Amino acid sequence: MNLEMKKILVTGAAGFIGFHLCEMLVKQGVFVLGLDNINAYYDINLKYSRLKELGIEKEKASVYNQEVESTLYDCFRFVKMDLQNREELPKLFDKHQFTHVINLAAQAGVRYSIENPSIYIDSNIVGFSNIIECAKMHSIEHFIYASSSSVYGLTENIPFSTSQNVDSPVSLYAATKKSNELIAHTYSHLFQMKTTGLRFFTVYGPWGRPDMAMFLFTNAIVKDEEIKVFNNGNLERDFTYIDDIVNGLSLVLNSNVKEREEFYKLYNIGNNKSVKLLDFISEIEKNLNKEGTKKLMPMQPGDVKKTWANIDQMMSDYNYHPKTTIEEGVKKFIEWYKSYYI
């Protein structure tokens, strides 16, 4: 199916990854309906600012269950909706007859899930179940969804591979993401649905989430506040730039899934290397031309010491190759941060 013939539902469209994906697709002329409940987990004004970049004004986007047309892109619509809404969600599928669903909507945050478990169950499990059921009922060609590197828990097997056991999550967020993979596997098995799960690894870049390390470090340095460095700085992350993530999503979306033998597929999508947290902070300091005050802290509950994605399968199946270095990615984020916040 040609890209211009696709009709795509993107959930989490006002979120960090969802916004960038929608922007890439609509610039290519693809019909996209973006869905988001714009919850207040972090600053909703940042979410509305992302939507404004897509031609959706805050006043209209803030009304629940009302479809809004973009003023910039003829092929983009937006609706504020909860995935838990079993009445309104099926109506969207009836109306638009989507060919593809990309489910990026989820209650994010590892530590927040320790304090607010019910929100994660509602959004990440009930919401996921609702949307995959709608996709089944309407014979969606391809159901693509976001999983997370957090499912690997405290494993010592580095780099992380999708072939290894992930039955020991250390946060409720991770448990809900593992649940999504299991639900998708069941639907693929029972109903011959083509599903693809992507385990994202520490995504960063312009328009990024304020609760993520990149933003927190930058903000603290700019405001002369202490940087909290957990596990005394002995942490490593597979930091992945947003453009590489969106490119990977695009490759999966544009693949000829009808010819794929397997109904259920699961991939890591990352930068294919691990970076020391202190080196990451140094790169931020260099771009801000300012040194931060670091406060060394113990390990946080639900956190892991090191992440590193084995992306061999993404490389072989989709010719996926992340291209953005930490130096390039941090520079672009700092440029955006200054333009938006300073």
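## Aromatic rings

Phe19, Trp207, Phe215, Phe333, Trp336, Tyr337, Tyr340 and Tyr341 are joined into a cluster by ring pairs, a pair being two rings of Phe, Tyr or Trp (its six-membered ring) with centres within 6.5 Å. By this rule there are 28 aromatic pairs.

The model is predicted, so local features need pLDDT of at least 70 and side-chain atom pairs count only at pLDDT 80 or more, whereas totals for chains, interfaces and linings use all residues. Residues are numbered from 1 along each chain as its sequence is written, and side-chain values use heavy atoms, with hydrogens and water left out.

## Charges over rings

Lys47 lies over the face of Tyr42, at 4.5 Å from the ring centre, and the charged end of Lys136 sits over the ring of Phe191, 4.4 Å from its centre.

## Salt bridges

The count comes to 14 salt bridges, each defined as a side-chain nitrogen of Lys or Arg within 4 Å of a carboxyl oxygen of Asp or Glu. One of them links Glu262 and Lys265, at 3.7 Å from N to O, and salt bridges with shared partners join Glu262, Lys265 and Asp317 into one network.

In another, Lys27 and Glu23 have their closest N and O atoms 3.8 Å apart.

Methods. Rings of Phe, Tyr and Trp (its six-membered ring) pair if their centres lie within 6.5 Å; planes under 30 degrees apart count as stacked, over 60 as edge-to-face and the rest as tilted. A charge sits over a ring if NZ of Lys or CZ of Arg is within 6 Å of the ring centre and within 35 degrees of the ring normal.
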